[in-house]
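Subject: Structure handover

Hello,

Here is the structure I said I would pass on. Please open it alongside these notes.

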Amino acid sequence: MSDITKQSLTELIENIRSKKLSSTDVTKAFIDRSEKSEELNAYITNDFTSALDKAKKFDQKPNLDLKLPGIPMAVKDLFCTKNIKTTAGSKILNNFVPTYESTVTENIWNEGAILLGKLNCDEFAMGSSNETSFFGNVQSPIDKDLVPGGSSGGSASAVAGQLTPITIGTDTGGSIRQPASFTGTVGLKPTYGSCSRYGIVAFASSLDQAGPMAQNVKDCALLQEVISSFDPKDSTSIDFKRNHYSKDLTNNIKGKKIGIPKEYRVDGMPKEIEDLWQKGIEYVKECGAETIDISLPHTSYALPTYYIVAPAEASSNLARYDGVKYGFRAKGENLIDMYEKTRSEGFGTEVQRRIMIGTYVLSSGYYDAYYLKAQKVRKLIKNDFDEVYKKVDAILTPSTPSSAFKIGEKTNDPVSMYLNDIFTVPVNLAGLPGISIPAGHDSKGYPLGLQIIGKAFDEQNILNIAYAMEEKINFKNKITDWWIK
Amino acid sequence: MSKKDSEYLINRKDNQYEVVIGLEVHAQVLSESKLFSTSATKFGAEPNTQVSLVDAAFPGMLPVINEFCVKQAIKTGIGLNAKINKRSVFDRKNYFYADLPQGYQISQFKDPIVGEGKVILDMPNGQKEIGIERLHLEQDAGKSIHDLDPQNTFVDLNRSGVALMEIVSKPDLRSPDEVNAYIKKLRSIMRYLGTCDGNMQEGSLRADVNVSVRPKGSKEFGTRCEIKNVNSIKFMQMAIEYEANRQVDLIEEGKTIDQETRLFDTKKNETRSMRSKEDAHDYRYFPDPDLLPLEVSEKFIEELKNDIPELPDDKKKRFIEEFKLSPYEANILVSDIDTAKYFEEVVAKMGKNKDIKLAVNWITGELFALLNTKGLEISQSPVSAKNFAILINLIKNGTISGKIAKTVFEFMIDGDKDPQKIVEEKGLKQQSDPKALEALIDKIINDNREKAIEYKQGKEKLFGFFVGQAMKASGGKANPQLINEILKKKL
């Protein structure tokens, strides 16, 4: 079968269960395509040889009751994988091989999936274009020299380019939803506490959340079902009743109330985005849902709040990369000199910028004005959502204020880069689930996404809305295989 | 309250200075595992053998609170008569050091688990109350070893992540003696509770000492200096003595005192500047986002309260009432939990017809002397409480004299022997048969006729001579009381 890599996860599982395909067939196909796709630079580390071994082993004694039977998949290089180098896209972890497995990836392998390799990402997940990776920028399968978004850029590129049937990313301020939107794929950021953070290289602990990325909503629902679990090893993991998201998936959203927040109509937003949003509103209405104009008054404070809270936590989380215990170490005259050289050479510009911002906002004399105030605003943003959720079941917004941009276009303008996250960060600040689905193309033919934001722990509802909309939108990603010679 | 003449003051020419001291005691929580990981906490293990991925701060590792350590902190808070905070918050204290793998220490800054409390000190001139400001839980750091190699520093992370209670006193202490009593009292309370072993040699109890001076009678505090990480009471006292005098000298010279952190050099017996206020770390405290606020219920606290044993102050009160001990005696017995345990066991084993006063004298006399020479703790006493009680009873019921008892005690040390058996085997039983003693005394008087006459003529000193002769003739076993009586009659 030559079109294996074009199949969705759901189709692949069906074909493996019905023995039309073996895990080896599928694994080989994705390895072949991955090997032909070096130009995308989606992988940091591949594990193809052992993936094939595992596939063969699976085929000898296939357990077809598993949720991901013999399915190969690559994961973002922020997840620690036992005995496989894990870099977080950074030079400082260039030689780091964990002796342990993250809970999320453990859950995935326990359901029969097979690791293909580790996917490129912005350094420590800090970026919106995958240009901050020590391992070079990732190309978008949509067009040459186009960014795939970030920080889960390698993951988005790999799913859109069919290098992996599904993948997982992490989302601190939009790092799953924005690249999904840029590459015409589906990305879910679950409720904070839904997926364990154990074994994920931390960026901003109170915002980080792992989530699935896929070609369609059903695949996304299935992967969410696999990765979400209560984990006593993560003190912020929450023990709530988790749905069988894929089995419970329905396109019946009749009577659902969907909020349209006026504050998301930002200045300078391209008309195509506005039009897309309008189309989205019509689609949900066609599905039998009702739309209601709502207000989230503190929305405009979300981005500055995020860029205080996230760097503050990051500045502390990244203190452990000091050259003492593991990872890159530069030679120094003494301890302080070693620290300075290690961290100057080991961290890239964007990471250093955020460490500086974070250190500044936590400093004595500035703490109250920045960090403490940001925490208070964060509470207000959360209150905004709590208030509107008394009236609506979910919220519909654009995923990003623009379509994908060219590599290098925004690298010298961090603020314009940060503005990419304007619609996604409020969701992280409030700890809510949000999903981005492809909803159309701009004039250049680049994908555009819509975001559905749900109530806490109500992933099922936003998956259902996304599922219903997906049917109406009938989006077709334009993948030309431009990178394959 | 302390009398004027016992005040600890530093005198210079016409000026007298009062010393104000506050302590931040770091007490290691008695717990099998660390504050946020399951690694062991045994003292003296091979370097880096008690280190988990969490303790070594590997990427993606997360802290999970050890409930037992929380209970230990709350129990200690109860023992310090302190307010238990139902909601407390763990913060990160950020600084770089090679033995601090995370690059931050998880501590409690704004919202500690225990609030204000107090302890009572028994000073020679009466009781003194010392206020407790707070108690919070925090992680210990690892250990940097600088003297194994001329070029490199080695790091041992066994201690990294071990739970500490930082107990902060109010600036209520006024002398090295009060500091001594305060540390001993804290140690005693925690050992009663089983929340800290108080072993200063192993570093289970250390303190940062804040010292300032002010003219006697002044209400305002002087500028303080903090002496970091002092690990014995003696050194604390020496450091305070030195530091207070240093500060007074500065004031007398018309200079000002800089607020700074100082180190105590135990070899030179002096404190030295470590860093000034300007160089002080900005620790950038903020709530640890990996941990939710720690919330404990009223029920949780109540259950722990029910679990609190009788503490030294209550035990002392009971000893005074129940056993009619003097406050001084009671203090000696209750200050160390093992001494109190030993004493109570002796009392229990002595049975009905017991002489508690005698037992106390023997414990604080013979037993303490023995332990002192052998360098043993009372928990390691070579004489068990049971045999000790038998010995006291043997004295009490007249089987042996106090003097013979000392000999018996010597024999008991070797292998915790039953004193009853020793008395029998060695024939040390006291002679209390009046007829036999009369015969013995008759012979002595007969043999020393001249001395007997001298005595009768008024040389009363000679009575002692006859007692000595009688004891000698009986091999020391004669009942001295009876000897006295018979001699008086016969002479």
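Below are the conventions, then the findings, grouped by region.

This is a predicted model: local features need pLDDT of at least 70, side-chain atom pairs count only at pLDDT 80 or more, and totals for chains, interfaces and linings use all residues. Residues are numbered from 1 along each chain as its sequence is written, and chains are lettered from A and ligands numbered from 1 in the order in which they are written.

**Contact between the chains**

Chain A puts 33 residues into the contact and chain B puts in 24. Two residues are in contact if their C-beta atoms, placed from the backbone, lie within 7 Å. On the chain A side, the elements giving two or more residues are helix H9 (302-317), helix H10 (335-346) and helix H11 (349-362). H9(A) gives the most, with 3 residues. Helices here are DSSP runs (H or I, at least four residues), as are strands (E, at least two), numbered from the N terminus. By class, the side of chain A that touches chain B has 16 nonpolar, 10 polar and 7 charged residues. Nonpolar means Ala, Val, Leu, Ile, Met, Phe, Trp, Tyr, Cys and Pro; charged means Asp, Glu, Lys and Arg; the others, Gly among them, are polar.

**Nonpolar cores**

The largest nonpolar core has 142 residues. A core is a set of buried Ala, Val, Leu, Ile, Met, Phe, Trp, Tyr and Cys residues joined through C-beta atoms within 7 Å. Buried means 20 or more other C-beta atoms within 10 Å of the residue's own, exposed means 12 or fewer, and partly exposed is in between, with C-beta atoms placed from the backbone. Touching the most other members are A:Ile71, A:Met213, A:Ile452, A:Leu463, A:Ile465 and A:Ala466. H9(A) supplies the largest share of this core, 9 residues. Another core, of 101 residues, lies apart from it; B:Val19, B:Ala82, B:Val114 and B:Ala359 are among its members. Not counting residues up to four places away in sequence, A:Ala466 touches A:Val217, A:Ile435, A:Ile437 and A:Ile452.

Helix H7 (217-227) and helix H15 (459-473) of chain A have axes that come within 9 Å and cross at roughly 160 degrees. Axes are lines fitted to C-alpha atoms, for helices over the stretch in contact, and angles run from 0 to 180 degrees between N-to-C directions. H7(A) and H15(A) are therefore roughly antiparallel. The cut-offs are under 35 degrees for roughly parallel, over 145 for roughly antiparallel, 65 to 115 for roughly perpendicular, and oblique for the rest.

In chain B, the axes of helix H9 (385-396) and helix H11 (419-426) come within 8 Å and cross at roughly 55 degrees. That makes H9(B) and H11(B) oblique to each other. B:Asn387, B:Ile390, B:Leu391 and B:Leu394 in H9(B) meet B:Pro419, B:Gln420 and B:Val423 in H11(B). This contact has 5 nonpolar, 2 polar and no charged residues.

A:Asp47 sits in the loop between strand S1 (43-46) and helix H3 (48-60). A:Asp47 is buried, with 22 other C-beta atoms within 10 Å. Leaving aside neighbours within four places in sequence, A:Asp47 contacts A:Ile84, A:Leu115, A:Leu116 and A:Gly117.

A:Pro426 is in helix H14 (425-429). A:Pro426 counts as buried, with 33 C-beta neighbours inside 10 Å. Its C-alpha atom is 9.3 Å from that of A:Gly174, 252 residues apart along the chain.

**Backbone points to check**

Most residues other than glycine have a negative phi, and most peptide bonds are trans. A cis peptide bond joins A:Gly150 and A:Ser151, with omega about 10 degrees. A:Ser151 lies in the loop between strand S3 (114-119) and helix H5 (153-160). In chain B, B:Lys13 has a positive phi near 45 degrees. B:Lys13 is exposed, with 6 other C-beta atoms within 10 Å. B:Asn48 has a positive phi of about 60 degrees, and counts as partly exposed, with 15 C-beta neighbours inside 10 Å.

Best wishes
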